[in-house]
Structure formats: structure tokens, C-alpha cells
Amino acid sequence: MGCIESLACKARVRRENIVVYDVSASIEPAATAIEESSPIVLRYRTPYFRAAARVLMPPIPRRHTWVVGWIQACNHMEFYNTYSDLGMSSWELPDLREGRVKAISDSDGVSYPWYGNTTETVTLVGPTTKVSRFSVSMNDNFYPSVTWAVPVSDSNVPLLTRIKRDQSFTTWLVAMNTTTKEKIILQTIKWRMRVDIEVDPMQLLGQRARLVGRTQQEQPRILSRMEPIPPNALVKPNANDAQVLMWRPKRVPPLVVIPPK
């Protein structure tokens, strides 16, 4: 207990005074589940990414507030839905696609810069006189809907033939002083989610889609080094608000179906 007791002697919170342990990051070893119950859309649900850690924070000085929790950003996104030989729809992050930013916030859209504000964060308001012990955890997965028919068509004829998705994320465990805006990165995690679904639109509903390629996701990497957080990962817009749905036909110019919010 000597190291714990020594933490209480420090007046200012420093990285060396913060203890992080039992860090875990995993993706469930399940396959992506496909749902064909709707005549309008196909839905799929990926396994969950989960991250958790236990933290010991030293005493917090008077008039200071620290928040410890998870921040996540999207580094790469490919999300293509092919409709026979007509073209494809794609969810895109234009600034990320064009290389204008390295990452886009994946906050819940309310708790910037945090991924969420329930199990994802803990707030410590000074003054505190003892070491604070707590856990923070988060989870993430995909559960989208993809139209069977071409999204810019008035027809309901199913023409969807392929869904391919490949997204990469960086997740940071961070301690942030809300008074001084000081940030201390405690852990960095990299993870990726891929989906590849083949569809035969001529089959009956419930028998059209099947997973192809690998059925299980590669496991996240907990980095031994602390990777810096790009500025865009800390501010609006988040990925959900920044994304655009494009229709990219094979023979005519592309069309914006759903603009960014």
C-alpha cells in the first residue's frame, strides 16, 4: 500500500500519480447477425466492442474538477451497399475521405468529447482528501438498416446485392481537468470492425443474405504507447452528424441522398 499512500501526499494531479489497471478491450467472438424480417430494409447487428479499466485517482485540489473516461474517434470508414449493376450507395465522412482530418469524434453527440456519460465517465470534484477508486467502461457496435431497393428510386423492387463495411477506431482513456483543460492520456486502444454480406435479391425474404469472408472480428490492440488525440476527435461534429449518404450510379454523376446534419 506504500504507493497508494504516497499518492495522497501529492497536491497536484500528475500522470505518475494516476494508477490504471485491469485494462481490457475485446470484441465478442460472435458472427454478425443478419435480420430479414422487413420487406423494406435489411438490418445487421455486429458483435460488441467493449473496453473497461480500473483507475486510482489521487486527491483533487480545491476548485478543480477532473473527469476520467473514454474518448473515441473514427479513423477510417468504408461503407458500400451495391445494387446489382446500377451503382452503390455509400455512407461517407467527406473530411476524413479527403484527408482534411485524421479522425472524427465518435461521441454520443451530447457529452463532447466523451463517448458517453453513464458508465463511460467518472467526475471528481475537489477538494477530495483520499484516493478515488472507480471503473469506467464502454461498448460499441453497428446496427444499421440498408434498403433492399435503390435508395433514390420510387420502386420497392429488391436489388441489393452486396454490403461491405470496414471501419477503424481509436479509443482513449483520458483524465481531463475541466478547470484548466489539461488532458492526461492514460491508455490508447485500436480496433476495427468489418462486415461483408452477399445478397441474392431474387430469393424469398428471409433467404437472401449471407455472411462472406471472416465471421469473427480481429481483437483490439491495447497500445504500449500513448497516441495523441487529434483536435477533431474532441469537438463537433461527431461521425453520425458528419456522415453523408451518397448514391453513386455507374453511368451518371453521384447524388447526395442524405446530407450531413
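Is Ser107 buried or exposed?

**Before you start**

You are looking at a predicted model, in which local features need a pLDDT of at least 70, side-chain atom pairs count only at pLDDT 80 or more, and totals for chains, interfaces and linings use all residues. Residues are numbered from 1 along each chain as its sequence is written, and side-chain values use heavy atoms, with hydrogens and water left out.

**The whole chain**

Next, colour by pLDDT, the predictor's confidence in each residue from 0 to 100. The average is 94, and 96% of the residues score at least 70. Now select residues 1-10: here the pLDDT is below 50, and beyond near neighbours in sequence the stretch has 13 contacts in the model, a contact being heavy atoms within 4.5 Å. Where pLDDT is low, the predicted coordinates should not be read in detail.

Of the 261 residues, 47% count as buried. Buried means under 20% relative accessible area, exposed means over 50%, and partly exposed lies in between (1.4 Å probe, protein chains only).

**Stop 1: Ser107**

Select Ser107, in the loop between β7 (104-105) and β8 (121-125). Here is the reply to the opening question: Ser107 is buried, because its relative accessible area is 3%. Show what lies around Ser107: leaving aside residues up to four places away in sequence, Ser107 touches Gln72, Tyr112, Pro113, Trp114, Tyr115 and Asn238.

Then look for polar contacts, meaning pairs of N or O atoms within 3.5 Å; within protein, one must be able to donate a hydrogen and the other to accept it, and residues adjacent in sequence count only if both atoms are side-chain atoms. The side chain of Ser107 reaches the backbone oxygen of Trp114 at 3.0 Å, and a polar contact of 3.3 Å joins the side chains of Ser107 and Asp108.

**Stop 2: Glu227**

Move on to Glu227, in the loop between β14 (221-222) and α3 (239-242). Glu227 counts as buried because its relative accessibility is 17%. Apart from residues up to four places away in sequence, Glu227 touches Thr170, Trp172, Ile185, Thr188 and Lys190. Zoom in on Lys190: its side chain and that of Glu227 are joined by a polar contact of 2.7 Å.

**Stop 3: Arg50**

Which strand holds Arg50? Select β4 (residues 49-57) and you will find Arg50 there. Arg50 is partly exposed, with a relative accessible area of 36%. Setting aside residues up to four places away in sequence, Arg50 touches Ser24, Ala25, Ser26, Glu28, Met138 and Asn139. Among them is Glu28, whose side chain makes a polar contact of 3.1 Å with that of Arg50.

**Stop 4: Leu204**

Finish at Leu204, in the loop between β12 (183-199) and β13 (209-211). Leu204 counts as exposed, at 60% relative accessibility.

How values were computed:
Helices (H or I, at least four residues) and strands (E, at least two) are DSSP runs, numbered from the N terminus.
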